[in-house]
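Here is a short briefing to read alongside the sequence and the structure. Have both open as you go through the points below.

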Amino acid sequence: MTHPRTVSVMMHHANAELRKTPSAEQNMGMPIGQMRHWSVEDVWALPEDGNRYEVVDGALFVTPSPRRAHQLVAGEFFHELRTWLKGPGLSVGVVFMAPVDVVLDPSTLVQPDVVVLPALDRSVLLGEGPAPQPVLAIEVLSPGTARNDRLTKRPRFQRAGVECWLVDIDAQRVEQWAPATETPVVCTDELTWAPAGATEAFRMALAPVWAEIAD
């Protein structure tokens with residue numbers, strides 16, 4: 001498999017034009033290049049420029065670097081999960097923050113804001129190449145990414161059998177979408193998570209998270 005981000009850039013002229021002149025709409029997390037079916041290899045061939053490039057079922061999405069409040073909230077979830085996964089959730093997996101390439105199929109590469117990967121051999125988790133299918137994917141919604149996260153990435157995670165949490169900063173709530181559900185569990189004060197392999201459920205108070213970013 002081609003190593004992520006180290007391949008030579010071999011794009012057709014039309015693709016290079018798309019890459020050089022992204023529109024305002026593209027920078028708001030909307031799909032671009034709709035006349036073309038993009039692959040994971042195509043995304044890896046794009047040079048790094050500070051934007052996040054993802055492809056879902058062949059549709060390419062690009063978003064700029066997230067705002068600081070977004071990063072702060074993502075960091076809180078990472079910290080709480082990391083602490084829990086070193087104790088009662090030890091056999092569940094290992095948590096990482098973006099960017100981590102998660103490949104769900106040859107035409108789908110996503111980078112969740114926070115992702116729990118299964119408890120595999122460390123050489124697999126820390127090696128080169130895409131990550132294994134996650135146990136949990138967390139997306140912190142931003143004005144430019146909320147539509148994509150809700151309507152494109154969330155159902156794609158569910159189809160792959162991955163639980164997905166949508167963290168809505170403005171509404172101060174978390175939507176927990178299990179793979180086989182059509183409606184989420186909505187948490188405003190506390191969320192719980194009891195995945196297979198945990199000796200006790202993960203619990204996280206949300207009020208301190210919202211307080212961190214309060215005006």
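Phe157 is part of helix 5, which covers residues 146–159. Keep in mind that this is a predicted model.

- Leaving aside residues up to four places away in sequence, Phe157 is in contact with Leu104, Val110, Pro112, Ala137, Glu139, Val162 and Cys164.
- Between Phe157 and Pro134 there are 9.1 Å in space, C-alpha to C-alpha, with the two 23 residues apart in sequence.

**Helix 3**
- Helix 3 runs over residues 68–85, and its 18 residues should span 26 Å at 1.5 Å a residue.
- Which residues of helix 3 are buried? They are His70, Val73, Ala74, Phe77, Leu81, Trp84 and Leu85.
- Looking down the axis of helix 3, you will find these buried residues within an arc of 105°, so they line one face of the helix.

**Ser107 in a loop**
- Ser107 sits in the loop that links strand 5 (102–105) and strand 6 (108–110).
- Is Ser107 buried or exposed? With a relative accessible area of 16%, Ser107 is buried, because the cut-off is under 20%.
- Apart from residues up to four places away in sequence, Ser107 touches His37, Trp38, Ser39, Val40, Val55, Val56, Asp57 and Gly58.

Technical notes: Residues numbered from 1 in each chain as written. Predicted model: local features only at pLDDT ≥ 70, side-chain atom pairs only at ≥ 80, totals over all residues. Heavy atoms only, no water. Helix = DSSP H or I, 4+ residues; strand = E, 2+ residues; numbered from the N terminus. Buried < 20%, exposed > 50% of the residue type's maximum accessible area, 1.4 Å probe, protein only. Contact = heavy atoms within 4.5 Å. Expected span 1.5 Å × (residues − 1). Arc of directions from axis to C-beta.
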